[in-house]
Amino acid sequence: MREVLDDLFLAQKELDLKIQEQHDASYEKTLHQRVLAFFVELGEMANETRCFKYWSFKGPSPKEVILEEWADGLHFLLSLGVAMKVTSYTHEMRKEECTLVDQILKCYVLTSDYLIDFDPKKYALLFSAYLNILPLLNSDFKEGKEAYFHKLAINYERQKEGY
């Protein structure tokens with residue numbers, strides 16, 4: 001199914017503007033911090049899935065916890081897109097023919113590639129790969145979008161509280 005993400009980019013742009021005003025930040029000054037933040041959030045999501053913990057019998061965290069971590073990563077990817085003036089994006093959701101571990105590693109590699117020259121084509125590959133994690137989490141775009149907007153509300157509240 002084709003998903004239109006324009007509303008996500010608009011919502012992220014509004015949050016970014018609020019953060020920039022409060023913290024005297026800009027896209028230019030925080031580019032590398034946002035890429036690093038995405039790396040961290042990707043790792044936090046992987047940790048909650050426990051997909052790489054072959055040495056442990058403990059299962060993954062509850063689905064809503066995993067989706068919240070996924071949404072955290074999405075915030076930073078959207079912010080990187082907004083910085084490149086992306087306002088419209090349509091994605092064809094598909095379940096990759098690989099494991100969750102492989103898809104997460106693919107996102108790390110694609111992020112590293114993007115970090116070299118911030119090429120829009122590399123961004124699109126990374127963004128699509130990240131969205132395609134959802135089916136590997138037994139989730140769909142609707143659940144991912146709900147998690148994003150839930151976390152967006154939390155992020156606004158955190159800014160109000162001086163987080």
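Predicted model: local features only at pLDDT ≥ 70, side-chain atom pairs only at ≥ 80, totals over all residues.

Biologist: Fine. How many residues does H1 have, and how far does H1 reach from its first C-alpha to its last?

Modeller: H1 covers residues 6-23. Its 18 residues reach 26 Å, close to the 26 Å expected at 1.5 Å a residue.

Biologist: And which residues of H1 are buried?

Modeller: Start with the general idea. An α-helix has 3.6 residues a turn, so residues three or four places apart point the same way. Here, the buried set in H1 is Leu8, Phe9, Ala11, Gln12, Leu15, Asp16 and Gln20.

Biologist: What do those buried residues pack against?

Modeller: Their partners are helix H2 (27-49), helix H3 (63-83), helix H5 (120-131) and H7.

Biologist: Let's take H7, then. At what angle do the axes of H1 and H7 cross?

Modeller: Roughly 15°, with the axes coming within 11 Å; H7 spans residues 141-160. An angle under 35 degrees counts as roughly parallel, and H1 and H7 are therefore roughly parallel to each other. The crossing of H1 past H7 is left-handed.

Biologist: Which residues meet there?

Modeller: From H1, the residues include Leu8, Ala11, Leu15 and Ile19, and among those they meet in H7 are Phe141, Tyr148, Phe149 and Leu152. By class, this contact has nine nonpolar, five polar and four charged residues.

Biologist: Now single residues. Is Thr49 buried or exposed?

Modeller: The cut-off for buried is under 20% relative accessible area. Thr49 has 8% relative accessibility, so Thr49 counts as buried. Thr49 lies in helix H2 and touches Pro60, Ile66, Leu100 and Leu137, leaving aside residues up to four places away in sequence.

Biologist: What about backbone angles? Where does a positive phi turn up?

Modeller: One case is Asp24, which follows H1 and has a phi near 45°. Lys85, a residue other than glycine, has a positive phi near 70°. Lys85 sits in the loop between H3 and strand E2 (90-92). Asn138, also not a glycine, has a positive phi near 60°, and Asn138 is in the loop between helix H6 (133-136) and H7.

Biologist: Are Lys85 and Asn138 buried or exposed?

Modeller: Exposed means over 50% relative accessible area. Lys85 has 70%, so Lys85 is exposed. Asn138 has 60% relative accessibility and therefore counts as exposed.

Conventions: Residues numbered from 1 in each chain as written. Heavy atoms only, no water. Axes fitted to C-alpha atoms, helices over the stretch in contact; angles between N-to-C directions. Helix = DSSP H or I, 4+ residues; strand = E, 2+ residues; numbered from the N terminus. Parallel < 35°, antiparallel > 145°, perpendicular 65-115°, else oblique. Left-handed = near helix turned anticlockwise from the far one by under 90°. Contact = heavy atoms within 4.5 Å. Nonpolar A, V, L, I, M, F, W, Y, C, P; charged D, E, K, R; others polar. Expected span 1.5 Å × (residues − 1). Buried < 20%, exposed > 50% of the residue type's maximum accessible area, 1.4 Å probe, protein only.
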